[in-house]
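Please keep the sequence and the model at hand while reading.

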Amino acid sequence: VQLQACGGGSVQAGGSLRLSCAASGQSFSNYAVAWFRQAPGKERDFVAAISRSAGIPYYADSVKGRFTISRDNAKTTVYLQMNILKPEDTAVYYCARSRFQFAAISTDPSSSSWRYWGQGTQVTVSS
């Protein structure tokens, strides 16, 4: 299984970006996918996740109302639409896929629930 994250870039505060996470492997729709981010000198934090199949979204409080996670199972891709970006959103963003099918979602990036990780894509928001 491989995850390819892309879509990062540099924007001014208030701007928007859309990240994509393209996954290989079978039965993509049976797995939860999440986005985490890591700012320089800080720990990796949960941003958003989407459950398998029907795609119930979960968000960190810091991005609720600004970010939207979605999935296209036919394209085996998960998206993170980021609006009203703030300088504090600056980080490397990583996508991760759950280890097990039908697994519950964990907001802990160190959880063994998240087995496969993308390479990260840089998001920089200037004030």
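## Surface and burial

The accessible surface of the chain amounts to about 6400 Å², and 46% of it belongs to carbon and sulfur atoms; such areas come from the Shrake-Rupley method with a 1.4 Å probe, and for residues only the protein chains shown count as cover. Of the 127 residues in the chain, 43% are buried, where buried means under 20% relative accessible area, exposed means over 50%, and partly exposed lies in between (1.4 Å probe, protein chains only).

This is a predicted model, in which local features need pLDDT of at least 70 and side-chain atom pairs count only at pLDDT 80 or more, while totals for chains, interfaces and linings use all residues. Residues are numbered from 1 along each chain as its sequence is written, and side-chain values use heavy atoms, with hydrogens and water left out.

## Overall fold

The chain has 11 strands and 0 helices; helices (H or I, at least four residues) and strands (E, at least two) are DSSP runs, numbered from the N terminus. The radius of gyration is 13 Å, close to the 14 Å that the globule rule gives for 127 residues, so the chain is as compact as a globular protein of that length; the radius is taken over C-alpha atoms, and the rule is 2.2 Å times the number of residues to the power 0.38.

Taken along the principal axes, the C-alpha atoms fill a box of roughly 40 × 30 × 25 Å. Among contacts (heavy atoms within 4.5 Å) between residues at least 6 apart in sequence, 58% join residues at least 24 apart.

L19 is found in strand β3 and is buried, with a relative accessible area of 0%. Leaving aside neighbours within four places in sequence, L19 is in contact with residues including C6, W35, L80, Y93 and V123. The C-alpha atoms of L19 and Y94 are separated by 9.7 Å, although these residues are 75 residues apart along the chain.

G120 lies in the loop between β10 (114-117) and β11 (121-126), and at 15% relative accessibility G120 also counts as buried. Its C-alpha atom is separated by 4.4 Å from that of Y94, 26 residues away along the chain. Beyond its neighbours within four places in sequence, G120 is in contact with A5, V92, Y93 and Y94.

## Positive phi in two loops

Most residues other than glycine have a negative phi. S27, which is not a glycine, has a positive phi of about 55°; it sits in the loop between β3 (17-23) and β4 and is partly exposed, with a relative accessible area of 38%.

T76 likewise has a positive phi, near 45°, and lies in the loop between β7 (67-72) and β8 (77-82). At 21% relative accessibility, T76 counts as partly exposed.

## The largest pocket

The largest pocket has a volume of about 160 Å³. On a 1 Å grid over the protein atoms alone, a pocket is an open set of points where a 1.4 Å probe fits, with protein on both sides within 12 Å along at least five of seven lines; points are joined across faces, edges and corners, and the volume is the space filled by probe spheres set on them.

Residues with an atom within 4 Å of a point count as lining, among them R37, K42, F46, S62 and E88. The elements that give two or more residues to this lining are β4 (33-38) and β5 (44-50). The lining divides into 4 nonpolar, 3 polar and 5 charged residues, with Ala, Val, Leu, Ile, Met, Phe, Trp, Tyr, Cys and Pro counted as nonpolar, Asp, Glu, Lys and Arg as charged, and the others, Gly among them, as polar.
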